[in-house]
Amino acid sequence: MKQTTKAGPRWLATALIAVALLLMGQGLLAGVPDETCADCHDEVAEGFAETMHAKFLADRADLEGHLCESCHGDGTAHVNDEDPALIINPAKADQFGSSQLCMTCHTDDQFDGWMFSEHAGADVNCASCHTVHTSDATPAAAQCNETCYSCHSDVRAAGYMPSHHPIAEGKMTCRDCHNPHGGSVTMAMGDSKRDLCLSCHAEIEGPHVYEHAPVTEDCGICHDAHGSVADKLLKQTEPALCLNCHAMHFHATVVSYDGDFEVPMAPERAGTSNPDSWKSGMLTKCTQCHTAIHGSDLSSQTTTTGGNALTR
Amino acid sequence: MRHTKIFVGVGLLLLLAATAWGSDTDGVTQETSFWIGGHLIDTSDYYKKVGEYRSFEEDVWPEFGLTYKSTTPNSRFFFKGHYFDRDEMFGMISTKVSDIFTGKFRYNSFQRQTGQDLLENIEAREWLPSVPKGGGKILTHDITDPDADYNYNRKEILSEFSALLSRENNLRLTVAHRAIIKEGTEQLISNSHCFSCHLESKSAKVEDRTHDFQAGLDTKAGNLDVGYKFGYRHYESTTPTPMAYYEDAKHPVKGTSGAEFGSRLNYDGSSMPIDAKPKIEKTSHKARIKGAAGKGQFASSFALSKATNKLTDLSAKSWAGVFNYAVPISPKTRLVAKASATSITADDPYIDVNTFREGKPSAVDFDYIRYSVLDRTTADFTAQIFHRLNPKTTLSFLAGYNRVAREDYPVAGDGTTSSTIIGQAKVRYRQGMKLTTSFKYRFEKTSDPFVSGKGLFEVPGDALEPVHYGYDAATGDSLWGYFYYMREDLWYQAITTEPTDYHEVNLSSTFRPSAKTTLNLKVKGVIDKNGDLDSLDVKHSKLNGNLSFTFMPDLKWVLSGGVSYRMEKSRGPVAVALFDG
């Protein structure tokens, strides 16, 4: 019996929205005035007066005195019965009902993908992130990340790894890379899997004469954009990461001399070696020599690699 | 060698004053807040890495901020500024006039410490039984600027405007520009392996500029929303290309055989440019359309783009199309279908390589056409059904297919075309605003994922035919042997970190005991492995857990806290080099 009671208003809500929007368009909205709403919801009403919604809709003659109903629909039945089920509550909207309510006014292209987005499919609605009844309805930069983290806690944890984008430091927000409304991201051109990263790291775009295949494939093969233990957002430390796709460098297993050594051709380069020094030299960090790991337009030194060793 | 101990502690010494005031007259509301304080940075006893994104000025610095907000019945103006120090500043102005005009300007700068690699591991000499004091190959390094603090300052300046040109058909113009400027110093390492394998580190200036410009028109055409956007990106480094000297090729001990070693190199005994930054220009055209189709709604876009590396005059052209459709199948069931395709084609330059051992027996010309690994066609399709089982429970099922065809992948066969089948099931339980719980399982099965073709292992047995590479000086007999490149030609094993099997489980629960309090619990686990590699046994796993709470005593205060746990584990092969010269 209780379920039936709950199910009914969901249908009713959809119908109410349609009617409300129709009436709004015709300038015929008439139910209960805002003052009546404020009698019970005084805390909400007080804050709402300072909101952009209240300010911007104030000069709409068709909504005069009925701003609450512009989103919540006709409140007559709700006022009469005092039943919360008899009024539209966008905060309870799901993908089957009224998640489109806000989109009737907010038509920017950033919302193009909302209906198809992961958020919509998870019944995340506008009120999940936006506090519509306060003057700061949009999460500010500092709050923005926390809003996302409240659900995406694994990303929060990654963001505090030793290597991370400067989100924890307040220099970036999740929105710099993600559009929670399902649409495009600022300055991304939307033409490839790499495009999002390249919109900031433009120097990697290429095309380069000498390519590194995973760089052209997907940045995520080597990097974890949300944070990692290894330096430079790498999924593993060097050389382990490189050795996932490449065999050890030749010379890597050479046994070294134990003691001071000289360099006959350049005496100033004398040094000290131990039995593992060659292993240490060749198996610590591949990018010490292969510096142009994202691609290069300059040939490397040996002919047998075709110049493709990405060393300069 | 220098051991630099710097950073990181940022202590807020004082908050000298903070004040806010506001007024509300005739529908015009103004709020202003201003605060001033200071901070001390102590750079002792901490390592640099911890402060990758912190400023390093060891001193007391003033710090201040200002916010100002003004709203009238049909306009809004907002300013926020924060001065941390000369390298870290933030400022934003946004304004909105009715639905006619919106504008935003944002400036953000921060410092990034990249650290210095002291190359201490590059110091070795090979032990040879015949030379007691070490007589073989040599590794050395030279740091020319050991005291350098490598860092850059990144400034981002964003301007966005939109204006309503015609209310009748909602014709709107949007224009945006973003500049990213990086200035500082970076560590450059050049390596020469002629008479000793020698790395040299030096400082170089960083002056990178990226400019993005976008302009678009959006309008309503009947029941459709349509739009067009033009994009232009320009990346350039304004510093001169650094040079490095590559030594004469010769034997590391005897100083002989220069001609022999030199004949295996593209260059030696000369200064050559290093770290040449490209000059990249990219243009894009994107059209979009959105509207109703039948009972459902669709959104589609098509983009064309071209990126050119002006340093080499190489270009890559691409197109990308997206079509999304959402439709209610019944009052309790909803379908979301998404399809997209992309294609990239890049120029294929001819690479002229010096002839290996030119004029000698077994000379080889390694010239080749570099077919770009960018070249590809991709296709994605997913269909997801959401079904409300009852007022509290929603089920969803997703099926998807992804295909990547790499046209000019250098190695035929494995990894040339990857296909992925995706499946996902999710159940979500919602008891009003009190409790929301969901459980998701997702799998992806990929055939022929991206690999490094012929990455390791030689084919069993001695499949090489020795080549005639010279004559014995004393006897005049022919000398026969192998070169490194010949051994690499024997490699056969494809290797990758990319999985063939991916499994993800996700449990999420949100409990609201009151309207002011929220508790969150989340557990996510991921396992992926590659079953195509048999004994190589590539496997990755991730586990994340989170428990958090939020308490909102009123609309202006939020108190939140929580604890997160994240574990990652990777297992992959390491193949020892089978030859060392």
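1. Pro239(A) lies in the loop between α12 and α13 of chain A, where helices (H or I, at least four residues) and strands (E, at least two) are DSSP runs numbered from the N terminus. The peptide bond that leads from Glu238(A) to Pro239(A) is cis, with omega near 0°. A cis bond, again with omega near 0°, also joins Gly206(A) to Pro207(A), and Pro207(A) is found in the loop between α11 (195–198) and α12 (213–217) of chain A.

2. Some conventions should be kept in mind: residues are numbered from 1 along each chain as its sequence is written, while chains are lettered from A and ligands numbered from 1 in the order in which they are written. This is a predicted model, in which local features need pLDDT of at least 70, side-chain atom pairs count only at pLDDT 80 or more, and totals for chains, interfaces and linings use all residues.

3. On confidence, pLDDT is the predictor's confidence in each residue, from 0 to 100; chain B averages 87, and 91% of its residues score at least 70. For the complex, the predictor gives an ipTM of 0.88 and a pTM of 0.87.

4. Chain B comes to 2 helices and 32 strands, and along its principal axes its C-alpha trace spans about 105 × 60 × 50 Å. Strand β2 (residues 28–42) of chain B pairs with strand β3 (residues 60–72) of chain B in the antiparallel sense over 12 bridges, pairing being counted if DSSP finds at least two bridges between two strands. Within this pair, Thr29(B) stands opposite Thr71(B) in β3(B). A further 9 bridges join β3(B) to the antiparallel strand β4 (residues 75–85) of chain B, and β3(B) and β4(B) form a hairpin with 2 residues between them.

5. How many residues does the largest nonpolar core have? It has 29, and those with the most contacts inside it are Trp278(A), Leu139(B), Leu199(B) and Ile495(B); such a core is a set of buried Ala, Val, Leu, Ile, Met, Phe, Trp, Tyr and Cys residues joined through C-beta atoms within 7 Å. Apart from it lies another core, of 18 residues, among them Leu198(A), Tyr210(A), Ala292(A) and Ala307(B). Leaving aside its neighbours within four places in sequence, Leu199(B) is in contact with residues including Gln288(A), Cys289(A) and Leu119(B).

6. His251(A), in the loop between α13 and β1 (259–261) of chain A, has a positive phi near 80°, and His251(A) counts as buried because it has 20 C-beta neighbours inside 10 Å. Asp448(B), in the loop between β24 (435–447) and β25 (452–458) of chain B, has a positive phi of about 55°, and with 19 other C-beta atoms within 10 Å it is partly exposed. The cut-offs are that a residue is buried if 20 or more other C-beta atoms lie within 10 Å of its own, exposed if 12 or fewer, and partly exposed in between, with C-beta atoms placed from the backbone.

Key: Contact = placed C-beta atoms within 7 Å.
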